[in-house]
Amino acid sequence: MSNRIVAPSPHLHGDFSTPRIMRDVVIALVPAFAFSVFVYGWSAVFVTGIAILSCMLFEWLISRFLLRQAGCTLCDWSAVVTGTLLAFNLPATISPWLVVLGALVAIGIGKMSFGGLGRNPFNPALVGRVFLLISFPVQMTAFPDTPGVDAITGATPLAFVKGALKAGQPVADLLSANNVDLNEMLGGMLLGFKDGSLGEIGAAALLLGGIYLLIRRVISWRIPVFVLGTMLVFASILWLVDPTKYINPLFHVFAGGAMLGAIFMATDYVTSPMSKSGQAVFAIGIGLITMLIRVWGAYPEGISFAILIMNATVPLINMYMKPSRFGGRNPKKK
């Protein structure tokens with residue numbers, strides 16, 4: 001007869017198992033993956049496949065031979081999600097050995113060194129991505145040209161626009177010199193016609209995946225809305241102060257990895273706050289740090305750094321912004 005531990009009531013039960021949540025995330029990423037294959041062809045399949053298989057292999061090896069964990073850690077699908085998100089943060093033409101190295105850092109350092117899923121304080125895919133970006137900046141910013149795409153409509157445009165504006169070139173002159181209509185550019189960026197990493201080019205596809213996750217109740221609207229909303233408000237203030245120096249606020253929402261980070265990486269259960277108010281503070285911090293880096297920092301893109309920085313604040317946010325106990329009284333309400 002097996003021993004059973006029965007805890008006091010209340011008992012809550014739901015059908016949101018870890019494998020089910022992870023499978024939903026994978027399904028939500030399918031539209032963006034399909035669009036990347038449409039744009040970059042077999043290179044997108046190759047990079048994504050290597051990233052997923054490498055993440056699964058390293059997790060199995062570390063779990064089996066270093067941590068001596070019982071059971072199948074691969075069955076929760078978290079390694080597949082990490083591999084996919086890592087691939088989405090890489091250029092389509094990146095060297096395969098860099099993909100493997102990024103997977104090793106993501107799983108070995110970002111996840112398994114803390115004990116595995118549920119214990120990692122930082123998003124593993126972003127740990128791998130930032131490591132590669134800092135260690136191999138040339139390879140990580142060498143994006144292949146997308147056929148039929150204007151020169152300043154994607155992730156490279158962030159660097160292009162930032163460099164031009166730092167040199168004192170007005171926005172209107174920058175767009176005119178490249179024969180770019182601002183409205184057409186923004187519309188094209190929303191539809192995915194821009195250069196960038198595998199998961200950055202399809203903003204509409206990412207939004208479609210985000211809607212699926214909302215319908216499935218895998219994520220809430222708070223973090224994505226507050227991240228993108230903060231970026232929009234910050235960029236709008238700068239634009240209103242000096243429209244000749246700062247570009248249209250929607251450019252920052254559609255460009256780079258803003259959509260990918262806000263919808264799929266900032267919403268990670270393990271590395272985001274538990275309470276609703278905590279999630280709002282967390283997301284606002286991500287949006288502010290992203291814009292500070294984009295406008296005045298050394299890197300043209302800042303969403304990855306912003307999420308990792310705010311990941312480190314989650315224990316503090318959870319400490320001071322605790323959700324109400326089940327059946328308890330909210331102290332803010334009289």
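A residue counts as buried here when its relative accessible area is under 20%. Keep that cut-off in mind for helix α13, whose buried residues are Ala258, Met259, Leu260, Gly261, Ala262, Ile263, Phe264 and Met265. Helix α13 spans residues 258-265 and is mostly covered, with 8 of its 8 residues buried. Please note that this is a predicted model.

**The protein as a whole**

Stepping back, the secondary structure comes to 15 helices and 0 strands. The protein has 334 residues, and 52% of them count as buried. Its accessible surface comes to about 16,500 Å², and carbon and sulfur atoms account for 67% of that. If you look at contacts between residues at least 6 apart in sequence, 77% of them join residues at least 24 apart.

**The nonpolar core**

Which residues touch the most other members of the largest nonpolar core? They are Phe251, Phe264 and Ile286, in a core of 94 residues. Helix α1 supplies the largest share of this core, 10 residues.

Phe264 brings us back to helix α13, where this residue is one of the buried ones. Leaving aside neighbours within four places in sequence, Phe264 is in contact with Val25, Ala28, Leu29, Leu85, Leu206, Gly209, Gly210, Leu213 and Met259.

**Helix α4 and its partners**

Helix α4 covers residues 96-109, 14 residues in total. From first C-alpha to last, α4 reaches 19 Å, close to the 20 Å expected at 1.5 Å a residue. On the buried side of the count, α4 has Leu98, Val99, Gly102, Ala103, Val105, Ala106, Ile107 and Gly108. These buried residues pack against α2 (42-66), α3 (78-88), α5 (124-135) and α6 (137-140).

**Aromatic rings**

The structure holds 6 aromatic pairs, and two of those pairs are set out here.

| Pair | Arrangement | Centre to centre | Angle between planes |
|---|---|---|---|
| Phe35 and Phe38 | tilted | 6.1 Å | 40° |
| Trp221 and Phe226 | stacked | 6.2 Å | 25° |

One more ring is worth a look: the charged end of Arg64 sits over the ring of Phe65, 5.2 Å from the ring centre.

**Gly278 in helix α14**

Gly278 lies in helix α14, which runs over residues 276-296. Why does Gly278 count as buried? Its relative accessibility is 0%, and the cut-off for buried is under 20%, so Gly278 qualifies. Once neighbours within four places in sequence are left aside, Gly278 is in contact with Pro273, Ile317 and Met321. Gly278 can also be set beside Lys322: these two residues are 44 apart in sequence, and their C-alpha atoms are 7.9 Å apart in space.

Conventions. Residues are numbered from 1 along each chain as its sequence is written. This is a predicted model: local features need pLDDT of at least 70, side-chain atom pairs count only at pLDDT 80 or more; totals for chains, interfaces and linings use all residues. Side-chain values use heavy atoms; hydrogens and water are left out. Helices (H or I, at least four residues) and strands (E, at least two) are DSSP runs, numbered from the N terminus. The expected span of a helix is 1.5 Å times one less than its number of residues. Buried means under 20% relative accessible area, exposed over 50%, partly exposed in between (1.4 Å probe, protein chains only). Contact means heavy atoms within 4.5 Å. Rings of Phe, Tyr and Trp (its six-membered ring) pair if their centres lie within 6.5 Å; planes under 30 degrees apart count as stacked, over 60 as edge-to-face and the rest as tilted. A charge sits over a ring if NZ of Lys or CZ of Arg is within 6 Å of the ring centre and within 35 degrees of the ring normal. A nonpolar core is a set of buried Ala, Val, Leu, Ile, Met, Phe, Trp, Tyr and Cys residues joined through side-chain atoms within 4.5 Å. Accessible areas come from the Shrake-Rupley method with a 1.4 Å probe; for residues, only the protein chains shown count as cover.
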